Amino acid sequence: MWLGGARPIIFPLDQDVKLTSVEYDKLFGIQENDHKLEDTRVYQRLIGKLLYLAIIRPDISFAVQTLSQFMNAPNPSHYEATLRVVKYVKNIPGKGRLMSSKQSGKVMAFCDADWASCPVTRKSVISYCIKLGDSMIFWKSKKQSTISRSSAEAECSSMATTVAELVWLHGLLEEVSMKVDLPMELYCDNKAALQIASNPMYHERTKHIEIDCHFIREKFK
């Protein structure tokens, strides 16, 4: 019933709102988010539906990834943010992934990282998307398992993850006898990460991420 009467919005998440967990609130003595939802199953069911919808809606992938981190102990602010995603979907119900009918062997990938974006753990969120011709076939948004000490390190980690996906995709396309236009293209918006990936002697302080750097350079060669 609430979906039918909701007012559509144009953004799935409010950038000015930082969603936090119960552990974060206790650590910093925040009282306003201490209360939980009376029925957490409502939140969990709604997130489950959005996770299923994200398969064909890349535009809500980041929002759903963020909100799914609070499945165990959601509070009313998390539920309100989830309803905002639903209102966004209502605004553009027909939007989704479209596959081009034109055959192409050109592969392009775009990667990025949001450094230390998690206010609880200060872990970075990496993301990438891969296009085959005019069609986007892969996309992912994921919190890193370790903490990056610099934005360049987070970007290099994102590049390494994307390169690994490109290597796997190249092998898959060869198995199905599909010609791939080489080299495959990878785009990154961080100048430092690009310089580190192309120059093995760029700086001594990159030793802690040299495995990712060497992996990226090896695959490009």
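**Entry 1: salt bridges**

I looked up Arg57 and found that it forms a salt bridge with Asp59, with the closest N and O atoms 3.0 Å apart. I count a salt bridge when a side-chain nitrogen of Lys or Arg is within 4 Å of a carboxyl oxygen of Asp or Glu. The model is predicted: local features need pLDDT of at least 70, side-chain atom pairs count only at pLDDT 80 or more, and totals for chains, interfaces and linings use all residues. Residues are numbered from 1 along each chain as its sequence is written, and side-chain values use heavy atoms, with hydrogens and water left out.

Is Arg57 buried or exposed? Arg57 is buried, at a relative accessible area of 1%. For these words I use under 20% relative accessible area for buried, over 50% for exposed and partly exposed in between, with a 1.4 Å probe and protein chains only.

I searched the whole structure and got three salt bridges. One of them joins the side chains of Arg41 and Asp39 (3.1 Å, N to O). Arg41 is exposed at 53%, and Asp39 is partly exposed at 31%.

I also noted Lys106 with Glu185, where the closest N and O atoms are 4.0 Å apart. This pair links distant parts of the chain, with Lys106 in strand S1 (residues 106–114) and Glu185 in strand S4 (residues 181–188), 79 residues apart. I take helices (H or I, at least four residues) and strands (E, at least two) as DSSP runs, numbered from the N terminus. Lys106 is partly exposed at 38%, and Glu185 is partly exposed at 26%.

**Entry 2: Asn75**

I found Asn75 in the loop between helix H3 (61–67) and H4. Asn75 is buried, with a relative accessible area of 1%. Its side chain makes a polar contact with the side chain of Ser77 at 2.4 Å. A polar contact is a pair of N or O atoms within 3.5 Å; within protein, one must be able to donate a hydrogen and the other to accept it, and residues adjacent in sequence count only if both atoms are side-chain atoms. I also checked Glu38, 37 residues from Asn75 along the chain, and the two C-alpha atoms are separated by 8.8 Å.

**Entry 3: H2 and H4**

I looked at helix H2 (residues 40–53) and helix H4 (residues 76–91), whose axes come within 11 Å and cross at roughly 35°. The axes are lines fitted to C-alpha atoms over the stretch in contact, and angles run from 0 to 180 degrees between N-to-C directions.
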